[in-house]
Amino acid sequence: MHSDIVTQTDCTKIWLRHSPALAAEGHRLQTTEDGLIISGGSEQAILYGVYTLCEKLGIRFTLEGDIIPHGDSIPLLKELPHMDTIDQPVFPIRGLQPFHDFAEGPDWWDAQKWKSVMTQISKLKMNFIGIHTYPTEPAVWIGLPSWINKDGTVKQSYSTTWLTTIRDTDEWGYQSKATSNYTVGSGVMFDADCFGTPAMTGGPKGFCYPKTPQEDNIVFNRVGQLWNDTFSWAKKVGVKTAIGTNTPIPHTVPGHTTQEVYEGVFERIMRTHPLDYYWVWTPEEFEWKNISVTSKEWKDTVDDITAAINAAKKLNVPFGLATSGWQLGPRNARTALDKALPGNFPLGALSRDLGREPTDVAYKNITRHAKWTIPWMEDDPGLTSSELWVNRTLEHAREAHKFGVTGFLGIHWRTNEVLPSVWAVAKSSWQLSTTDASLYGDFCTTMFGFGSGTQNYTSCLDSFLGMDSWINGPLPENRPYGIMVKAFTKIPRPVDWDYDGPGGIKANTSSMAVIKERYKMVFKFLSLEPHVSGVGNAYRFGLWANQFRFMYDIQIFEMYLNEFDTEIAQIRKLPAQKQHHAAKRFGLPLLNQLARQWEVLVVRLQSFISSSGELGTLANIEQRSFPETYEVAYKALSKFLPEGIPASHRPTNNWIAPSRLFMLTTRTVVGNGESVPLEAIVGTSEGIGKVMLHHRAMGSKTFTVTPMQAVTVGRGVYRAVLVPTADFEYYITAEVGTAANPLVFPPQAQVGKYQTVVVAK
């Protein structure tokens, strides 16, 4: 392959060239007198070379889109210094493992989101996305071959669901709640009272959650269509896919073997969608129970995986097998699967103790199989708060490489908040010498425009290094299992696993003085706000600043909740004739204080919602923490006030934040002729006028203006659909109230920088 491309910026010639001398994913950038040669060992490697060039020009890639830093401008190609560099990956398999179950994660991803994330994984020069599903979730269907139609749809299934806002069970502590009942006007950001994946809530036959066997079939069939659409896209952008569920496989069928059930699982996959790996997840109990290799649990696990292997051989499946789990094997025999299982398929596992323990030294003793490890880029107990684990992730990468690991993946739910750790996975997969200082330095320059070496850059870098993780000791290679060398976060964590689920808010006894001391590094970062210049830099700084302020707001709410709880405890001790007076004089003001602080933290969250992850955080606090904190406090005080509590002492139901226009998904690459829905959200307390999509082909001078339609009357969600056949750019405007100027997204459109989309031919 050899072709010339002349750039439109400075007429520098770029040759794209296949080079058999390079490894399959290796690429070389070489300047010449009249241009630049990008060569690679494959087409994918050449594409990686193009992305490396973009990085040298200052462009950065995130899971939510592309960033052009430095005042929203990039240097010309001819300004680049002489270079002759060769890059090849440290880990052949590099990527992400977005975990289901909670609203913050892929339970709420639609096809556009999946395709967007897969595209950005490729731009980050990673090549894998893996999905774990619990047996009651619809990512994997389990049954017999006779239950499948020729087109892969199923005619028999079982109860299944992903998370929706309205449901008949309080799974993971989420209490059923219509979005229109969310506090502080938050419901305008949802297109329906029952919100969730379009696989359940979308289309003319949509429903909140399946209630009949027929509806269960519909969900499985829709998810099959989702995987066909998105996994086919993953192949186009060079990303391998994996799905799988726990072992031993449930939903056994009387009179049929486990192998026959696996044959049904694999047959349905082959008829429905492409796939690169089916990974079997070993029991979660391996981590916390003393299971021996002579136990029934161990025998059942080996028998189950063996049945999967035999089914795959019988059907000659076009995908590979792998294992994963909460650790490599039983606690006292973690390499046992390497000895018990045939073949050279990968064995993998999550890092232990939510990633706080280092890479398992047992990896070095696995000799018959490839090895994958999955560090935690965030953990579910802290899921409504910020988590920074760059230092720990980089250490996991170095240890993994030392132990011969070939696959390095990061587990996560959210896509914005984990950006530094995503970079840690991506960068260390190519360059093990990456440090937390170099990564955060790049982050401060890219995201906020702080030039290297400036005082603002140093303060930003110090802030993030001061909030990231630390490891409490050396990591000897021959360390025993369960060594107490662990990684801890330095960023404040005001939430924890509570109310049977992630990120719970609860009363905290910390004083204001203690809280302020705990957040001093956060305040140091916030002090940089006046020094940010450039529309894009200011927008990104605002998102991160408000994310950190949100944690502080939660902490203050928890302090107020403790004050209320303390007062209620005192009121209960009073004689009955004095309780009413005390409740009115002391309890009401504290409840009002609690209501006002709830408004503060919700408004803060509304200010940085920019992906489905933050929308999920909103659902989490509304459906888990709010009923367990404010509502409990309200009911406790009501017992002493028979006349009732004034409505003013409840959080408002109205939007009180500044008006906002934003999108949850901004794709950067789409297919030629693909139907691309563009969805915008308007949050405001005022009337919404015209919401308009302005779009044009790249190179054109004139924008076409298309009205965006409200998805649901009375909500703030608007949609327009494009079917592009050429690269294009766009921006969106929304008229709000009597304001002279409309809201604009992206904010950089104010200075002529629009959202650009490449159409893949």
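Modeller: Glu267 belongs to helix α5, which covers residues 258-272. In this predicted model, the relative accessibility of Glu267 is 18%, so the residue counts as buried; the cut-off for that class is under 20%. Leaving aside residues up to four places away in sequence, Glu267 is in contact with Ile148 and Leu315.

The loop that leads from β10 (240-245) to α5 contains Pro248. The peptide bond between Thr247 and Pro248 is cis, with an omega of about -5°. A cis bond is also found from Phe745 to Pro746, where omega is near -5°. Pro746 sits in the loop between β28 (743-745) and β29 (755-760).

Asn316 has a phi near 50°, a positive value in a residue that is not glycine. Its loop runs between α7 (296-315) and β12 (320-324). With a relative accessible area of 65%, Asn316 is exposed. Asp101, likewise not a glycine, has a positive phi of about 95°. Asp101 is placed in the loop between β8 (93-98) and α2, and its relative accessible area of 4% makes it buried.

Searching the whole structure gives 2 disulfides. One of them joins Cys194 to Cys208, with an S to S distance of 1.8 Å. The torsion about this S-S bond, between Cys194 and Cys208, is about 120°, and the disulfide is therefore right-handed. The two cysteines are 14 residues apart and link distant parts of the chain: Cys194 is in the loop between β9 (128-133) and α3 (198-201), while Cys208 is in the loop between α3 and α4 (213-236). Both Cys194 and Cys208 are buried.

Another disulfide joins Cys444 to Cys460, at 2.1 Å from S to S. Here the S-S torsion of Cys444 and Cys460 is about -85°, so the disulfide is left-handed. This pair also links distant parts of the chain, with Cys444 in helix α11 (residues 436-448) and Cys460 in helix α12 (residues 455-467), 16 residues apart. Cys444 and Cys460 are buried as well. When the bonded cysteines are numbered in sequence order, they pair as 1-2, 3-4.

Two or more lining residues are supplied by each of α2 (111-123), α3, β22 (676-683), β26 (717-722) and β27 (728-736). Strand β22 provides the largest share, 5 residues.

Finally, a word on confidence. The average pLDDT of the chain is 93, and 95% of the residues score at least 70. Residues 1-9 have a pLDDT below 50, and this stretch makes 24 contacts in the model beyond near neighbours in sequence.

Conventions: Residues numbered from 1 in each chain as written. Predicted model: local features only at pLDDT ≥ 70, side-chain atom pairs only at ≥ 80, totals over all residues. Heavy atoms only, no water. Disulfide = S-S within 2.5 Å. Helix = DSSP H or I, 4+ residues; strand = E, 2+ residues; numbered from the N terminus. Buried < 20%, exposed > 50% of the residue type's maximum accessible area, 1.4 Å probe, protein only. Contact = heavy atoms within 4.5 Å. pLDDT = per-residue confidence, 0-100.
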